[in-house]
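Please look over the sequence and the model shown here before reading on.

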Amino acid sequence: DLLTYSRVDRMGSPLEQVPAERVVATVLQVLGPQLRQTEAQVDVGLLPVVWADEPQLVSLFQNLLGNALKYRHAGRRPHISISAQRLDGHWEFTIADNGIGIDPEYFERIFQIFQRLHPSEQYEGSGIGLALCKKIVERHRGRIWVMSSPGEGSRFHFTLAAGRDIRSRSLAAALMMAGAAL
C-alpha cells in the first residue's frame with residue numbers, strides 16, 4: 001500500500017476516457033468472494049465515462065468498496081449503493097453503505113496517511129487506504145469527502161472530470177458475471 005501511495009503522482013498513467021461501469025465491474029469481480037461471504041447487496045446506478053487513470057480508479061473503488069465490507073455492522077447484511085450525478089463539468093460519485101459509520105469529528109483525519117480509528121486487532125489494515133483514495137482523487141483534480149453518523153453507515157463522495165456525456169445501461173450484465181447480488 002505504501003509503495004502504491006508513493007507512486008500515485010510519479011507513476012500514474014495518462015488520463016483517458018474510462019467507463020466507470022467497467023471499473024466497478026472489475027472491482028466487484030475482485031471482491032466477489034467477500035461479497036458472497038457477507039451476502040452483501042450491491043446496487044449500482046448508471047455510471048458515466050470519466051477522465052481517469054484506469055488502474056488508479058480501480059484502486060479508488062476497491063478501497064472504498066472494501067471498506068464498506070470491512071466496516072460492516074455486525075447485525076445487518078451489508079448494503080452498498082454506487083451512484084453518480086453530473087454537476088457542471090464533473091461527476092460526483094457516491095458510495096453509500098449501512099455499516100458502522102464514522103463520528104463527524106474524524107471526517108478529516110481518516111484521509112491522513114497511517115490514521116486509524118480502530119485497533120488493528122479489531123479491523124485489519126494499514127491506515128493507508130483512504131489516504132490513497134484522497135491522493136488519487138486529487139491527482140484527478142477532484143475532491144473526496146464523507147458524510148456519516150455512528151451506527152448509520154457512511155456516504156463517501158468524490159468528484160472526477162466528465163468524459164463523453166454517456167452513461168451505460170449494460171452494468172447489470174457485468175454485475176451478474178461478477179457474481180454480485182443486485
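## Aromatic pairs

How many aromatic pairs does the count come to? If rings of Phe, Tyr and Trp (its six-membered ring) are paired when their centres lie within 6.5 Å, with planes under 30 degrees apart called stacked, over 60 edge-to-face and the rest tilted, the count comes to 3 aromatic pairs. In one of these, the ring centres of F61 and F158 are 5.5 Å apart and the planes stand at 75°, so the pair is edge-to-face. Because F61 belongs to helix 4 and F158 to strand 7, this pair ties together parts that are 97 residues apart in sequence.

F61 counts as buried at 0% relative accessibility, and F158 is likewise buried, with a relative accessible area of 0%, where buried means under 20% relative accessible area, exposed over 50% and partly exposed in between, for a 1.4 Å probe and protein chains only. The rings of F93 and F158 have centres 5.0 Å apart and planes at 10°, so that pair is stacked; with F93 in strand 5 and F158 in strand 7, it links parts of the chain 65 residues apart. Through ring pairs, F61, F93 and F158 are linked into a cluster.

## The model and the chain as a whole

This is a predicted model, in which local features need pLDDT of at least 70 and side-chain atom pairs count only at pLDDT 80 or more, while totals for chains, interfaces and linings use all residues. Residues are numbered from 1 along each chain as its sequence is written, and side-chain values use heavy atoms, with hydrogens and water left out.

The protein chain has 6 helices and 7 strands, taken as DSSP runs numbered from the N terminus (helices H or I, at least four residues; strands E, at least two). Along the sequence they follow the pattern α-β-α-α-β-β-α-β-β-α-β-β-α. Of the 182 residues in the protein chain, 45% are buried. The protein chain exposes about 9,400 Å², of which carbon and sulfur atoms supply 49%, the areas coming from the Shrake-Rupley method with a 1.4 Å probe and, for residues, with only the protein chains shown counted as cover. Among contacts (heavy atoms within 4.5 Å) with a separation of 6 or more, 74% are between residues 24 or more positions apart.

## How the strands pair

Strands are said to pair if DSSP finds at least two bridges between them. Strand 1 (residues 16–19) and strand 3 pair in the antiparallel sense over 4 bridges, with Q17 standing opposite W51 in strand 3. In strand 3 (residues 47–52), 5 of the 6 residues are buried, so this strand is largely enclosed by the rest of the structure.

Strand 2 (residues 41–44) pairs with strand 4 in the parallel sense over 4 bridges, and V44 has I82 of strand 4 as its bridge partner. Strand 4 is also joined to strand 5 by 8 bridges, the two running antiparallel, and here the bridge partner of I82 is I95. Strand 4 and strand 5 form a hairpin with 2 residues between them, and D88 in the turn has a positive phi of about 55°.

## The nonpolar core

The largest nonpolar core has 39 residues, and those with the most contacts inside it are L57, L60, F61, I82, F93 and F158; such a core is a set of buried Ala, Val, Leu, Ile, Met, Phe, Trp, Tyr and Cys residues joined through side-chain atoms within 4.5 Å. Helix 4 gives the most to this core, with 8 residues. Leaving out residues up to four places away in sequence, F158 touches, among others, L60, L64, W91, I95, V137 and W145.

Helix 5 is mostly covered, since 8 of its 11 residues are buried, including L130, C133, K135 and V137. Just after helix 5, R141 takes a positive phi of about 60°.

E54 has its place in helix 4 and is buried, with a relative accessible area of 19%. A polar contact of 2.7 Å joins the side chains of E54 and R22; the term stands for a pair of N or O atoms within 3.5 Å where, within protein, one must be able to donate a hydrogen and the other to accept it, and where residues adjacent in sequence count only if both atoms are side-chain atoms.
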